[in-house]
Amino acid sequence: MSLENISQAKVHGGWHKQYTHNSDVLNCAMRFALFLPPQATTDNPVPVLYWLSGLTCSDENFMQKAAAFEAAARLGIAIVAPDTSPRGEEVPDDPESAYDFGLGAGFYLNSTQSPWSKHYQMYSYIVDELPSLIEQYFPVSDLRSISGHSMGGHGALTIGLKNQHRYRSISAFSPITNPMECPWGIKALSNYLGEDKTQWEQYDACRLLAKLGSSLPILIDQGDADGFIEKELKPNHLIDVAAQHSLDFELRMQKGYDHSYFFIQSFISDHLAFHAKHLNP
């Protein structure tokens, strides 16, 4: 597998680096960003937090805007931020160039419908291909947690719930909790998966939590001034499901905060400390 370092910068004693590689799963070249804390060495591999970003984002948004490096360096956690979809001239996009479907909007699922299925296999990329690459080439362990924002929060919840043996903890900011019941989700699921809604259920956090429960601790932060909260995010749907089960689950409503990276920056240290507690038992 070709792996090319295209940028790097020292920060808080560690390193932020960007790489490109050819993805067999996505059938295109992909880019990801990596923060390695100063503790990471061949003799001391560190655990990894996988961060999944939201609609229109790339690997750069979280790394540049979340102000996560000081806490990650102090706690000895690596952070991996993949792109949000396959990219390239050969990769199909929404014919109307809409922001909520196609490029930048992979929804962390495996598409079954043409023309999307050739490239839009983000679930397999995040769960299998990318961690295998990271653990092969960098001084990290196989201790993993997962987090994300908005569409990426949806990805973190669904991937974490379906692969509880692979992760130590799950967190999310402003996640799309019930995509089967919101416009963003309905558009993505119907196009990527077709009209059989039984196939949609495997990518809906509310349905998965009700079906599988969770042996993993879950932390969610949601701003109460988020303009998408009622129409797209529906945190109350997830609260209702969690209330029916005895789960290690916390959803915090944060007064006055919106959907932006100002919100993420305000609470990212809490999330890193939460994951560190479970990654370093």
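I took helices (H or I, at least four residues) and strands (E, at least two) as DSSP runs, numbered from the N terminus.

Ground rules first. This is a predicted model, so I kept local features to pLDDT of at least 70 and side-chain atom pairs to pLDDT 80 or more, while totals for chains, interfaces and linings use all residues. Residues are numbered from 1 along each chain as its sequence is written, and side-chain values use heavy atoms, with hydrogens and water left out.

I looked up Asn27 in the loop between strand 2 (14–23) and strand 3 (28–36). Its phi is near 55°, a positive value in a residue other than glycine. Asn27 counts as partly exposed because its relative accessibility is 39%; my scale is buried under 20% relative accessible area, exposed over 50%, partly exposed in between (1.4 Å probe, protein chains only).

I found Thr56 in the loop between strand 4 (46–52) and helix 1 (60–65), and at 55% relative accessible area Thr56 is exposed.

Then a cis peptide bond: Ser114 and Pro115 are joined by one, with omega about 0°. Pro115 sits in the loop between strand 5 (78–82) and helix 3 (122–137).

**Helix 4**

I checked the length of helix 4 (residues 151–162): its 12 residues should span 16 Å at 1.5 Å a residue, and the end C-alpha atoms are 17 Å apart, which agrees. The expected span is 1.5 Å times one less than the number of residues. Of the 12 residues, 11 are buried, so helix 4 is largely enclosed by the rest of the structure. Among the buried ones I noted Met151, His154, Leu157 and Leu161.

**Ser214**

Next was Ser214, in the loop between helix 7 (205–212) and strand 8 (218–223). Ser214 is buried at 13% relative accessible area. Its side chain reaches the backbone oxygen of Leu216 at 2.9 Å. Leaving aside neighbours within four places in sequence, I have Ser214 in contact (heavy atoms within 4.5 Å) with Leu161, Gln164, Leu209 and Leu247.

**Cysteines**

I searched the whole structure for disulfides (cysteine sulfur atoms paired within 2.5 Å) and got zero. Cys28 is in no disulfide, and the nearest cysteine sulfur, that of Cys57, is 18 Å away. Cys28 is buried, with a relative accessible area of 6%. For Cys206 the closest cysteine sulfur is in Cys182, 10 Å off, too far for a bond. Cys206 is buried, with a relative accessible area of 6%.

Terms used
A polar contact is a pair of N or O atoms within 3.5 Å; within protein, one must be able to donate a hydrogen and the other to accept it, and residues adjacent in sequence count only if both atoms are side-chain atoms.
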